[in-house]
Amino acid sequence: MHNGIYAGLLFSIATFVWKTRRGSRNPENLPYPPGPKPLPLIGNVYDVPRDVPWKVFEEWGRKYGDIIYFHTFGKPIIILNSFAAAHDLLDKRGAIYSYRPQFAMANEVIGWNFSLTSMDYSEKSKRQRKYLQSYFSRQLLPNYYQIQVREAHRMLSDILQDPENYRDHIKRMAAGITMTLAYGHEVNSMDDQFIKIAEKGVKTIQAAGAVGAHIVDLIPWLRFIPEYMPGGSFAKLPPGTREDLQNFIHTPFNQVKKQMAAGTAVPCYTTTLLEETKGQDDEGVRGTAALTYSGGLDTTLSALETAFTMLLANPIIQARVQAEMDTVVGKDRLPDFSDRDKMPYLRCVISEVLRWGVQTPVGVPHRTSEDDFYKGYYIPKDTTIMANQWAMLHDERLYPDPYKFNPDRFLEGEGRSPQFDPRNIAFGFGRRQCPGNVLAENTLWIATACLFYAFKVTPAKDEKGVEFPIVVEYDEHAVRHPKPLKCTFRPRRENSAAIIQQSLDS
């Protein structure tokens, strides 16, 4: 690390001299936004938080305001802690705020440069985004209801037979939906060959850590230093990391191509886009298919786990959801998408899950493509912009009592004024907003509805009959997941098991 910092000092000096010779790009001499005081040349390297940075940035916001500036080795970084600022810059000025910083560790060292999420804004990224938007457009989403309903019903059957491993069954359901949509591959268990390949591939992003966690993110040219030289130790990845990622990208894609040649392929994202592109963009189809799985699974699973955890932790809210479903659905079938508009309270629960759970607390950083000025502050070209979704979704100005899980905040009618829709924050901003957000919410809705229609979920008891305490805690990563809780599933009616079995047979 120290060798990298020494190299960074030289780099900073060279950058400073170069910028000085270029002349000022800030003719009005406006200040940068406020932020922590930097050290000479190296800036705020030692201030950059490594653990739960979104909470540190939220704390900085109380001191410095909604827009915070700092730099590392001369590289400017701005944190946006309010929706208003994010909307003004990332949404309204998307033409210059839709680029990505250089994710040296993730993209160049590990190999995630195939991913649209981390790809810079370009004709290539626009083309690939169109692929996803066309296949997952709102008008086509009803075509995928059958897959989502089928996998939700399988989840119920799995939990009925093996309730202790309920988290595995929820994950299998989410993986089954994304794998079927991306590659037409049906997943019967988490031991599935393609799921194992995908799991290993997706986990490689953990080696990258948060942006800025590695010295190579601060000084990208260090990636050219061999591992055995001072400053090159960051490149010593866990064995198999790059290989696992490449297997994930290529293996299921190549399988679909073989099936298409043999006439046995199941219609899916990959087959549709290969036919539409006529084989002229295998790279783009392959990368976006992998992103459909890697980008869709983890965030959807996080939201599902939050919904489950919070309905377990709040039995009154669970009972209200179930009472609403009983009125709409009745007693002889499972919920389906035709019921959704008649269940406003469940929608409020889903909204609060998206807000309170904050699946991606800082999203993916943006980058400015040219100088900008905002509210009397100077924002230089190539500034990394981080939208702190955690702070926005816990902003007391938008959500009074923000740390309380309270679906009632989104109720409408009878003179109520629902609070700000968290979907405007939770799925990102501007031209880099998640293209699969509605699909993900559909999965979240059908899984939550089916699970709590079929089962009453309560805390488990020890051998003395005492309930285990419900303590809600999260594993804090780039995608947050609540920690497992001990619980008991009890079918809500005598015919619940029969209804679940009937749903599988139909």
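A: The largest cavity has a volume of about 60 Å³. A cavity here is a set of points on a 1 Å grid over the protein atoms alone where a 1.4 Å probe fits but cannot get out, and its lining residues have an atom within 4 Å of a point. Grid points are joined across faces, edges and corners, and a volume is the space filled by probe spheres set on the points. The structure is a predicted model, in which local features need pLDDT of at least 70 and side-chain atom pairs count only at pLDDT 80 or more, while totals for chains, interfaces and linings use all residues. Residues are numbered from 1 along each chain as its sequence is written, and side-chain values use heavy atoms, with hydrogens and water left out.

The structure holds 3 cavities of 30 Å³ or more. Around the largest cavity stand Met155, Ile170, Leu304, Ala307, Phe308, Ala447, Thr448, Leu451 and Phe452. Two elements, helix 13 (282-313) and helix 18 (437-454), each give two or more residues to this lining. Helices are DSSP runs (H or I, at least four residues), numbered from the N terminus. Helix 18 contributes the most to the lining of the largest cavity, with 4 residues. By class, this lining comprises 8 nonpolar residues, 1 polar and no charged. In this scheme Ala, Val, Leu, Ile, Met, Phe, Trp, Tyr, Cys and Pro count as nonpolar, Asp, Glu, Lys and Arg as charged, and the others, Gly among them, as polar.

The packing of these two helices comes next. The axes of helix 13 and helix 18 come within 10 Å and cross at roughly 30°. That angle makes helix 13 roughly parallel to helix 18. Axes are lines fitted to C-alpha atoms, for helices over the stretch in contact, and angles run from 0 to 180 degrees between N-to-C directions. Angles under 35 degrees count as roughly parallel, over 145 as roughly antiparallel, 65 to 115 as roughly perpendicular and the rest as oblique. Helix 13 and helix 18 form a right-handed crossing. A crossing is right-handed if the near helix is turned clockwise from the far one by less than a right angle, and left-handed if anticlockwise. From helix 13, Thr300, Ala303, Leu304, Ala307, Phe308 and Leu311 meet Ala440, Thr443, Leu444, Ala447, Thr448, Leu451 and Phe452 of helix 18, where contact means heavy atoms within 4.5 Å. This contact has 10 nonpolar, 3 polar and no charged residues.

The second largest cavity holds about 40 Å³ of space. Its lining is made up of Leu334, Tyr453, Ala454, Arg493, Asn495, Ser496 and Ile499. Helix 18 and helix 19 are the elements that give two or more residues to the lining of the second largest cavity. That lining divides into 4 nonpolar, 2 polar and 1 charged residues.

Helix 19 (residues 496-505) also packs against helix 7 (residues 145-161), with axes that come within 9 Å and cross at roughly 135°. Helix 7 and helix 19 are therefore oblique to each other, and their crossing is left-handed. In helix 7, His153, Arg154, Leu156, Ser157 and Leu160 meet Ala497, Ile500, Ser503 and Leu504 of helix 19. The classes at this contact are 5 nonpolar, 3 polar and 1 charged.

Terms used
1 Å grid on protein atoms, 1.4 Å probe; cavity = no way out; pocket = protein on both sides within 12 Å on 5 of 7 lines; lining within 4 Å.
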